[in-house]
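Thanks for taking a look at this one with me.

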Amino acid sequence: MAAPAVAAQTGPSLDVLELPSATTMRFVLLTAAMLVAGLFVGVSMFNAVEGVAFVAAGAACYGPGAAVGVTTVSSLPGEVAAAACMAPIEHLYVLYAVGGAVTVAAGATVVIMAAPRVVARRHGLRDPGLAAAAATARLATFCADVGIRRPPRLLVGPTSLRDAFSLGRPGRYAIAVPLALVVRPHTPLFEVAMRHELAHIRHHDVALSWLARSVWYTLAPLLLLPVVLFPLTGDVATLPGYLWRAAVIAVVVALAARSALRSRELSADVAAARRTGPDAVRAALTEVRAATGPSLRQIMAVHPTRDDRIAAVRQPGRTAIVTMTDGAVVGFLTALALPVLDLFFVAVFAGSDGLTPPFEAASAVVLGPLAGATLGLGFWRQAMVARTYTQQAPVAPVLVGLAAGALAGQLGSLGGVGLTGAGGLAHPVLVLVVAGALTSAAALTAGVGEIWADAVGRVTSQRYAAFAATAVATVLFATVLWTADAVQGHLDLQGWPAVSQEVPTGLTPPLLSLVALALAVATMWAQWSARVPQTSQAVSPSLRTPAPGLGQTLATGAGAGLAAAAVIVVNRIRLGDAADSAETIQRFIGNWWIAASAASAAVAALALIYGRRGCGAGLLAGTVAAVVAAIGNLGLVAAINGALPSGTVEGTLAKDLALGLLVTVPTAAIVPSYGHPIRSRPTRLLVVCAALLAVGAGAGAAAGRDVLAVPVAGDSQPVPTPVTNASPTTVPPIPPLSIADYKVVARLLYQQRAGIQTEMDAINHESAPATTRVAQINDRLIPDLQRLLTQAAAIQVADAPAADVHRHLLSSLRVTITAYHDLATGLAQNDGAALARGRGELTAEAQELAIWVHGVPGL
Amino acid sequence: VYPISLPQREWKAALVISKHGSDSDGLSMPTEPAERDLVMELAQAVVELVAPDELPVLAVIAEDYFADPAGTLHPRDRDHPLGFGMDLALMGPYALAVATPIVQFLMSLATDVAKDLTKDAAKPVVRDLARRMFHREAHPAGPDPISLTKPQAQWVHDNSYRNALALGLSNEQAQLLADAMVTSVNRGR
């Protein structure tokens with residue numbers, strides 16, 4: 001797609017080439033996606049060679065007709081045993097998969113090493129000798145100009161070679177030059193062509209393009225392997241689904257690589273024009289093959305049209321614009337690789353234990369940074385250039401491209417081969433979750449780019465700001481991809497009611513709140529930097545547009561947070577006491593949603609008034625709103641209960657921050673941030689707007705709590721009658737675990753414990769009558785704790801230090817049970833001593849739990 | 001002056017001289033090393049006029065051209081990744097291609113001059129006569145050079161021009177090449 005039209009170049013000069021380029025990350029993303037496709041080839045090999053053994057192992061370890069379900073404390077022992085049984089074959093699966101990727105990587109390395117010689121032979125390139133002495137001398141001069149210390153070799157082609165091009169590998173580059181240029185070393189055309197080629201070398205284009213091409217040259221024949229293997233193993237039904245996906249991948253990889261190459265050509269032209277002047281390059285471009293009109297040939301071309309190249313030389317800022325194609329490529333490659341990586345990491349993590357692992361997090365850690373860095377750097381560069389050369393380029397086409405690419409990538413992913421339902425999902429409509437999440441993250445990233453571009457030239461250098469914008473986008477994309485992938489998978493398996501109950505535990509881990517805080521601090525730093533009067537001439541005053549100040553952003557967040565806190569108070573007054581424990585927990589979670597809606601309102605207000613920059617500032621305002629709402633919520637609890645129970649503050653803040661971030665991201669995409677910035681500093685308007693939106697959203701969240709926090713159904717598991725002293729005999733014996741196995745089991749225990757913590761917080765939080773709270777403790781909380789203790793006590797660890805660490809968990813659970821017994825007694829009998837004893841025991845319990853939590857990673 | 005009747009054929013047909021060699025693309029090619037030398041000499045004279053900076057590499061160009069004339073004149077349209085994207089052609093191959101039928105034409109003229117000689121004895125005479133048409137200063141002691149009549153010179157020009165256009169040169173380049181060809185053939189007149 002052609003870049004959008006931009007205004008004529010005005011304002012002070014800014015060297016676009018000095019700004020880090022996002023195309024590099026596009027090449028890396030492309031290469032990573034192809035390596036992931038290599039994983040799939042390895043898995044296909046596994047299925048062909050070891051498929052029968054795998055099925056047999058599954059039947060032997062899990063028993064025939066074993067159902068796939070959610071791991072619970074009750075199912076833990078059986079699953080651990082089955083997982084230990086499956087470990088060897090799962091490890092083999094991983095080895096095959098890695099083998100596929102390693103084969104692709106190794107083949108690519110061979111291609112990279114051999115390519116220069118093959119290319120030279122195929123084109124008949126030769127050392128020109130003395131005939132090109134003048135040309136070689138001029139090339140050396142140009143190299144010195146641009147700081148290339150080791151000039152590339154000059155090779156001459158046969159008479160049929162009519163174009164100059166670069167080849168080689170890092171440190172050993174060469175430029176193939178046609179005879180027609182060699183004989184005219186003093187012409188402007190020679191200089192333009194050589195400077196263009198040197199720009200390719202200096203920007204590492206040769207290495208990057210050969211990296212992408214060599215991976216593809218190796219992958220392409222390997223993709224044919226499953227075509228042979230499927231029929232051999234009798235799996236013919238899988239073949240059509242595989243074939244069309246492989247074809248789509250082949251086409252998109254080719255298009256993506258060529259699109260990236262075309263971008264690099266524009267940059268090389270601009271680099272040449274920087275030294276020779278634009279007129280010389282424009283004149284040289286008359287020698288370029290002319291392409292006519294949009295055609296398939298043009299889409300597949302490695303060079304842009306002559307008109308586009310001339311336009312780029314005239315307006316270098318055009319090369320920095322992020323296009324719809326850029327968005328589509330990032331979306332497609334990310335979504336293409338995600339399901340395959342998920343399958344791979346399931347085997348990696350589940351291989352030794354079979355438990356529910358954070359495989360989505362692992363996939364997101366691989367892909368999120370690649371997508372985030374590509375778009376983060378791209379949007380920041382675009383924002384920088386917009387301040388000097390052009391009008392703001394629209395972001396909407398990029399988002400549309402990204403969404404379309406992400407949808408197509410999921411549907412075309414090799415991860416869906418052999419699975420029913422589009423995208424490998426039982427509910428294909430859920431592909432919208434990941435596509436929407438990526439689009440939202442991109443919208444927010446565009447705002448982050450603006451905020452960090454504002455900071456440049458004041459107290460922040462360009463490179464520092466580029467790094468910061470990229471880092472923020474990286475974290476944002478990894479986080480969003482992780483959560484979206486998990487939500488999509490859980491929704492597909494369990495539906496919304498179950499997922500809504502996981503929001504307080506698995507989907508909002510403490511790490512997410514730390515991420516929210518880190519992003520807020522980064523945004524605050526950028527806005528703080530932008531406060532200092534500008535010292536650089538990089539930004540044209542005429543193109544400077546209003547941006548939300550730090551004070552305005554904080555005030556907006558605070559306004560939204562206070563409004564949400566008011567909603568929580570009013571809601572509590574309106575509803576009165578909770579009827580039962582289920583409603584208590586539901587209200588407790590409902591308050592998190594209200595706080596999160598405050599974050600959303602703050603972002604919406606800033607985006608409506610300040611456009612894209614408002615979105616970026618929303619990362620700070622949203623966090624502030626969530627914190628203020630959480631403080632209001634805690635204040636209400638303290639006012640009613642007289643004190644804040646231990647752990648309540650941290651728990652509430654962490655959950656509000658985490659959920660606030662998750663709600664902030666989609667808001668950035670939903671709110672149309674195309675409004676013209678208001679030139680005055682509308683702090684009051686912002687605060688009022690944010691507060692009104694927060695009231696509306698909070699009231700909506702309160703009214704829709706039955707949807708957002710679906711009431712917990714009664715536990716189907718039998719509740720053990722003994723309140724203390726766990727009975728290990730009720731659990732099948734588990735063989736002693738290795739340290740590695742124990743670490744995974746500990747993660748599951750932690751998740752279960754975190755779920756119970758939600759119940760504890762809800763009981764501590766709500767100001768229900770004493771009889772209700774006693775019933776909640778006795779009927780629900782203590783049985784849950786008891787079950788967990790029973791399972792934990794059944795676990796044996798072979799290693800002595802690990803066993804010692806595990807004892808702290810057992811101790812913590814026993815003390816917790818005792819503490820709640822005392823609290824229940826104190827509440828029932830209005831016994832102050834029992835209440836005090838219970839609170840003291842909870843403090844001791846927290847210490848024991850902390851020792852266990854911190855001790856496990858150290859094993 | 002030895003007038004001859006001009007062949008009234010289309011320009012494409014002019015390139016294909018049945019009694020001489022031609023490659024698969026219909027380009028007329030010299031059949032003997034001596035004829036190839038003549039073509040090279042005439043092309044050198046032309047290149048000297050239209051693209052003198054190519055003279056140092058004309059031998060290389062000729063080697064490539066005679067090895068693969070069609071591939072040299074019409075290389076595959078390669079869009080090299082990381083290339084500049086240009087389509088920069090040398091004049092040398094075109095001069096060689098256009099000079100070949102002209103040399104063959106000149107040799108046919110010379111053959112008429114030497115028709116009284118036996119076949120073998122005539123060959124060097126014919127070559128020398130043909131050479132002297134465009135390279136006469138190198139052979140001051142030989143027989144009188146052959147000069148082309150105006151219609152013959154016009155034929156050389158028109159043929160060269162049409163062939164150059166057919167090979168893909170622009171009108172301006174074709175005109176330049178044709179003028180240079182006539183100038184070279186009538187050198188010293």
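1. A word on terms before we start: two residues are in contact when heavy atoms lie within 4.5 Å. With that in hand, take A:Thr439, which sits in helix H15 (residues 431-455) of chain A. Leaving aside neighbours within four places in sequence, A:Thr439 is in contact with A:Leu399, A:Leu402, A:Ala403 and A:Ala669. Its relative accessible area is 11%, so A:Thr439 is buried (buried means under 20% relative accessible area, exposed over 50%, partly exposed in between, with a 1.4 Å probe and protein chains only). Helices (H or I, at least four residues) and strands (E, at least two) are DSSP runs, numbered from the N terminus.

2. Please keep in mind that this is a predicted model, in which local features need pLDDT of at least 70 and side-chain atom pairs count only at pLDDT 80 or more, while totals for chains, interfaces and linings use all residues. Residues are numbered from 1 along each chain as its sequence is written, chains are lettered from A and ligands numbered from 1 in the order in which they are written, and side-chain values use heavy atoms, with hydrogens and water left out.

3. Chain B on its own has 8 helices and 0 strands. Of its 189 residues, 50% count as buried. Among the contacts in chain B with a separation of 6 or more, 69% are between residues 24 or more positions apart.

4. How many residues of chain B are in contact with chain A? There are 27, and they meet 40 residues of chain A. The area buried between the two chains is about 3,100 Å², with carbon and sulfur atoms giving 57% of that; buried area is the accessible area (1.4 Å probe) that two parts lose on being put together, summed over both. B:Leu82, B:Phe84 and B:Leu88 supply 30% of the area that chain B buries against chain A, more than any other three residues.

5. Side chains of opposite charge can pair when their charged atoms come close. The rule used here for a salt bridge is a side-chain nitrogen of Lys or Arg within 4 Å of a carboxyl oxygen of Asp or Glu. By that rule there are 3 salt bridges across the interface of chain B and chain A. One of them pairs A:Arg184 with B:Asp53, whose closest N and O atoms are 3.1 Å apart. B:Asp53 is partly exposed, at a relative accessible area of 31%.

6. Over all chains, the search of the whole structure finds 17 salt bridges. In one, A:Arg153 joins A:Asp127, with the closest N and O atoms 3.9 Å apart. A:Arg153 lies in strand E1 (residues 153-156) of chain A and A:Asp127 in the loop between helix H2 (76-122) and helix H3 (133-146) of chain A, so this pair ties together parts that are 26 residues apart in sequence. A:Asp127 counts as exposed, at 54% relative accessibility.

7. Buried or exposed: which describes A:Asp784 and A:Arg787? Both are buried, and their side chains meet in a salt bridge (2.4 Å, N to O). The two residues lie in helix H26 (residues 770-794) of chain A, 3 residues apart, about one turn of the helix. Elsewhere, salt bridges that share partners join A:Arg138, A:Asp145, A:Glu191 and A:Arg195 into one network.
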